[in-house]
Amino acid sequence: PEAKQACGIDQLCAGLEAGIEGAVHAVQHEWDSHHEDNNYGFLMADADNAFNRQNRSVMLWTVRHECPSLARFAFNTYRHWSLLAIRGNDGRATFLYSKEGVTQGDPISMVCYGVGMLPLVRTLKLAVPQLVQPCYADDLGASGTFDNIRKYASLLQEIGPNYGYFIQFSKSILVVPRHLVEAATAALGDLGFVITTGSRYLGGFIGEDDVRQDWLQDKLEDWEDSVKALALVAKKYPQ
């Protein structure tokens with residue numbers, strides 16, 4: 001509960017009820033409101049190996065100040081390097097040390113990562129307040145004009161590494177209305193974003209209606225195949 005209170009709406013991965021649904025609906029509202037504009041897009045920033053590259057010292061420092069009740073346990077968990085031993089056929093071993101990030105499978109990893117990202121998220125919001133900026137763990141979003149999106153991306157590239165967030169432009173997706181694809185390419189094409197008219201977002205979808213229908217159709221076909229497979233298995237294994 002303390003982590004959820006500390007993160008609030010700045011970081012939706014710390015237990016805020018309906019946080020993902022809120023983010024999807026907020027961005028969809030922005031899309032509907034600005035769909036006819038001549039300068040609008042929604043950026044979904046993607047980080048390089050985000051959870052494994054978070055600055056561990058910054059994370060522990062932030063947890064200590066933002067969520068004190070978690071601080072001692074987080075410190076005891078991440079004060080040492082995690083060790084992986086790889087044994088060779090000759091009996092020798094190679095040791096890999098996990099010096100940064102949070103450990104996959106750790107029950108507190110999501111909360112630690114989310115709290116640790118708060119300084120970065122809040123800095124971005126203060127620097128570019130014109131953008132709607134939903135954030136779920138390492139999934140950062142920015143909804144607004146092309147100029148502000150460029151400013152946001154440049155700032156994220158500049159200060160993100162201080163917190164262990166390294167944006168990958170080639171995997172980041174910019175969703176724009178169909179009539180703005182050429183304008184978006186001219187304004188932001190040099191950054192290397194994937195520019196599209198629709199994309200999955202946090203389990204939902206943002207973009208043009210026809211692209212959404214194609215996405216839903218693929219999901220429905222997968223669901224249909226799964227139901228048929230389950231029904232086939234159930235004949236022999238009804239339990």
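Modeller: Start with burial. Buried means under 20% relative accessible area, exposed means over 50%, and partly exposed lies in between (1.4 Å probe, protein chains only). The areas come from the Shrake-Rupley method with a 1.4 Å probe, and for residues only the protein chains shown count as cover. Take Lys125: its relative accessibility is 24%, so Lys125 counts as partly exposed.

Biologist: What should I know about the model itself before going on?

Modeller: It is predicted: local features need pLDDT of at least 70, side-chain atom pairs count only at pLDDT 80 or more, and totals for chains, interfaces and linings use all residues. Residues are numbered from 1 along each chain as its sequence is written, and side-chain values use heavy atoms, with hydrogens and water left out.

Biologist: How many of the eight residues of helix α6 are buried?

Modeller: Helices are DSSP runs (H or I, at least four residues), strands likewise (E, at least two), numbered from the N terminus. In α6, residues 109–116, six of the eight are buried, so the helix is largely enclosed by the rest of the structure. The buried ones are Ser109, Cys112, Tyr113, Gly114, Val115 and Gly116.

Biologist: What covers the buried residues of α6?

Modeller: Look for contacts (heavy atoms within 4.5 Å). The cover includes α1 (2–7), α3 (50–53), α4 (56–66), α5 (68–78) and α7 (118–127).

Biologist: Next, salt bridges. What is the general idea?

Modeller: Side chains of opposite charge can pair when their charged atoms come close. The rule here asks for a side-chain nitrogen of Lys or Arg within 4 Å of a carboxyl oxygen of Asp or Glu. By this rule the count is ten.

Biologist: Which side chain does Arg122 meet in a salt bridge?

Modeller: Asp10, at 3.1 Å from N to O. Arg122 sits in helix α7 and Asp10 in the loop between α1 and α2 (19–34), so this pair ties together parts 112 residues apart in sequence. Asp10 is buried at 17% relative accessibility. Arg122 is partly exposed at 26%.

Biologist: Where does Lys125 come in?

Modeller: Lys125 also forms a salt bridge with Asp10, at 2.9 Å, N to O. That pair links distant parts of the chain, 115 residues apart: Lys125 is in α7, Asp10 in the loop between α1 and α2. Asp10, Glu66, Arg122 and Lys125 are linked in a network of salt bridges.

Biologist: Give me another pair.

Modeller: Asp46 and Lys171 meet at 3.6 Å, N to O. They too link distant parts, 125 residues apart: Asp46 is in the loop between β1 (41–45) and α3, Lys171 in the loop between α8 (146–159) and β6 (173–175). Asp46 is buried at 18%, while Lys171 is partly exposed at 47%.

Biologist: Last, how do I read a surface patch?

Modeller: Patch residues have over 30% relative accessible area and no salt bridge; like charges are joined within 9 Å, nonpolar side chains (Val, Leu, Ile, Met, Phe, Trp, Tyr) within 5 Å. Lys and Arg count as positive, Asp and Glu as negative; His and the chain ends are not counted. Each charge is placed at NZ of Lys, CZ of Arg, CG of Asp or CD of Glu.

Biologist: Which residues form the negative patch?

Modeller: Asp214, Asp218, Glu221, Asp222 and Asp225. Asp218 lies in helix α10 (residues 209–234) and is partly exposed at 45%. Asp214 is also in α10, and counts as exposed at 51%.

Biologist: What makes up the nonpolar patch?

Modeller: Trp81, Leu83, Phe95 and Tyr97, with an area of about 470 Å². Tyr97 is in strand β3 (residues 93–98) and is partly exposed at 47%.
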